[in-house]
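Try each task before you read its solution.

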Amino acid sequence: MTNVITHPAWLPAAAWRPIGTRRVRVDVPGTVRDEVEAACAAHGGRLVTAGEADLTLTLTGTGHDGYAITRDDRGTTVTAATHAGLVHGLFATVRMGESAFTPGPRVASRPAFPRRMLDHWDNVDVHPVMGQVERGYAGGSLFWSAGALRTADLPRIRDYARLLASVGINAVALNNVNVHATEARLLTDRLPEIELLAEPFRRYGIRVHLAVSFAAPMLLGGLDTADPLDPAVRSWWALTLGEVCERIPDFGGVLVKADSEGQPGPFAYGRTHADGANMLAEALAPHGATVHWRAFVYDHRQDWRDRSTDRARAAYDHFTPLDGAFADTVTVQVKHGPMDFQPREPVSPVLAAMPRTRLALEVQATQEYTGQQKHVCYLAPMWSEILRFRPRGDDGPPIAGTVGELVAVANTGDDPFWTGHPLAQANLYAFGRLAWDPSLTPAEILDEWITLTFDPDDGTRAGLHDVMDDSWRTYESYTAPLGVGFMVRPGHHYGPDVDGYEYTPWGTYHFADRDGVGVDRTVATGTGFAGLYPYPWNGVYESLTDCPDELLLFLHHVPYTHVLRSGRTVIQHIYDTHFDGVTRVEAARERWRRLALDPDVHARVAALLDEQVRSAIEWRDQINTYFFRKSGIGDTHGRMIY
Ligand code: GCV
């Protein structure tokens, strides 16, 4: 059965009323005019071709995808140099509502990052373990169902493209970075599906990208090697990608997960990641398309007894020696933390160590490790912290000024609310807004989203802020403590299992024993990871006294009685935050119950909050009991520990 998106998120018809009731002139044909025409048809306004207009949208000059909005007594004018810029200017006008039509200062805006990309981990076939969407918590794929393109649902993809464009997203990778046999063929005989999908995105200035298998020349081309320096391999890629770009002239390029978690890559031929990426770049560059090459490379078959290998170092060790070796049209895509999208990690040291390489910062909107769209977890505060982090201290640039692009793993699917948890829409919204302007604060972005989505009264607005503003820190408080990470159930990663990964090959350990917990990543006695940061953070992270509490167990192994900067011992911190976390989720549930909202949204979130409370209690009791049993130290407040 086809799901219908019944909740159009932050672009309800009412949001178009200020524009749709007016006389509007659009100087160029295409999406902007179509949107305005539809709004006027719905609200009684008029699309005019000449004469006086309340709103004029016009193309002028050349340059970037930004826009300017001027408002005076003669009316409002939106100008942009490109059609995509005009699309963004139109949506900015929608965001402004009635105030777009009252005289005020000129607004000029341009995107901080030229590429603002969403990566779907969608499979064509239903994967036996990962399903239709790997780490997808919002129903099925918008694009494929059980091996077939959802041709009948192309109109919904148009709505989706519109939703993404409305927050400034301009690139989408359509398929999973783990490329299985069927998905590999999207490059060749199944390319017509990508051609079809590209059309609705193109209307909104969004370019489509494809995740490809590095072994494609063997899988699809019948060659006996995928060696990037082999001439036959190079010419296979040049021909194949040339054909893709001919059929899809605005094709964005390819995304590659190579030599990672079983995906093939250049290591098999004794070649480097730069050799692999540059070969693809050479094939794509003549067509204006690019390569996204992921830095998520580590040994996933590590022996847990081996203390010399540190997964947190892996991307740095593999990639930083290649700084300057990548072609200009290659972007090295780096996860925000050195491990894997945990609720709390230090910012990846790779982001500060490759000044001669174009880098993209990759965050995870899909909530694999942050509650799987069953828990409220507004992620903008985390992303904003990362973007504002200054690896070289207060005098150096923030991450937002160091990387060239922002990428998020998508949290959307064919769920009626788009994102499974209706409040998870705010993460998609916030990603787009931060990628446009990283100086926006999480609270103001949330406020925009609340206004556009719910048209709320003051009480409702305050209630939504209460439930969402701090929900990431709440989530952090009842899950793995002090940055240690990975105390989740192996495989699906939902719910607690403190030792679930402790004796596995994945490189994700906490080393808890009767005396203490944490990973010694210092230079002095540990894996040396702390030394991968520039000054001053190398010193801060190395020092037991200076290290921020929230990252202590990521960087140090300490006794349970170690006193944190907060003045509490580690063990007492664990107990306090876990009791507190549950209390906060219960309070959020109570707050939600008192809000008057659309009944469907209210009911869905209420049910999810019940699950969140249940899960938070499970986390609290398992974590507290585990550490009580290990340490033998009781809670100073005498609360119930099992
Ligand atoms: C797409 C984590 C996830 C995997 C994901 C991988 C990646 O390990 O658990 O499902 O694979 O990250 O980012 O490539």
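This is a predicted model: local features need pLDDT of at least 70, side-chain atom pairs count only at pLDDT 80 or more; totals for chains, interfaces and linings use all residues.

Residues are numbered from 1 along each chain as its sequence is written, and side-chain values use heavy atoms, with hydrogens and water left out.

**Exercise 1. Work out whether serine 471 is buried or exposed, and what it touches.**

Step 1: Serine 471 sits in helix 15, residues 471-478 (helices are DSSP runs of H or I, at least four residues, numbered from the N terminus).

Step 2: check the area. Serine 471 has a relative accessible area of 4%, so it counts as buried (under 20%, with a 1.4 Å probe and protein chains only).

Step 3: list the neighbours. Leaving out residues up to four places away in sequence, serine 471 touches Val376, Cys377 and Tyr378 (heavy atoms within 4.5 Å). For tyrosine 378, the backbone nitrogen is 2.8 Å from a polar atom of the serine 471 side chain.

**Exercise 2. Find where the largest pocket lies and describe its lining.**

Step 1: On a 1 Å grid over the protein atoms alone, a pocket is an open set of points with protein on both sides within 12 Å along at least five of seven lines, while a cavity is a set where a 1.4 Å probe fits but cannot get out; lining residues have an atom within 4 Å of a point.

Step 2: size it. The largest pocket has a volume of about 410 Å³ (the space filled by probe spheres set on the points). Of its 25 lining residues, Met130, Glu134, Arg135, Glu261 and Trp506 are the closest to the centre.

Step 3: locate it. Domain 2 (115-438) and domain 3 (476-631) both contribute lining residues, so the largest pocket lies between them; the bounds come from an automatic or database domain assignment.

Step 4: sort the lining. You get nine nonpolar, seven polar and nine charged residues.

**Exercise 3. Say which helix gives the most to the lining of the largest cavity.**

Step 1: size it. The largest cavity holds about 100 Å³ of space.

Step 2: find the centre. Among its 14 lining residues, Ala295, Phe296, Ala315, Gly337 and Pro338 lie nearest.

Step 3: name the helix. Helix 10 comes out on top with three residues.

Conventions: Helices (H or I, at least four residues) and strands (E, at least two) are DSSP runs, numbered from the N terminus. Buried means under 20% relative accessible area, exposed over 50%, partly exposed in between (1.4 Å probe, protein chains only). A polar contact is a pair of N or O atoms within 3.5 Å; within protein, one must be able to donate a hydrogen and the other to accept it, and residues adjacent in sequence count only if both atoms are side-chain atoms. Ala, Val, Leu, Ile, Met, Phe, Trp, Tyr, Cys and Pro count as nonpolar, Asp, Glu, Lys and Arg as charged, and the others, Gly among them, as polar.
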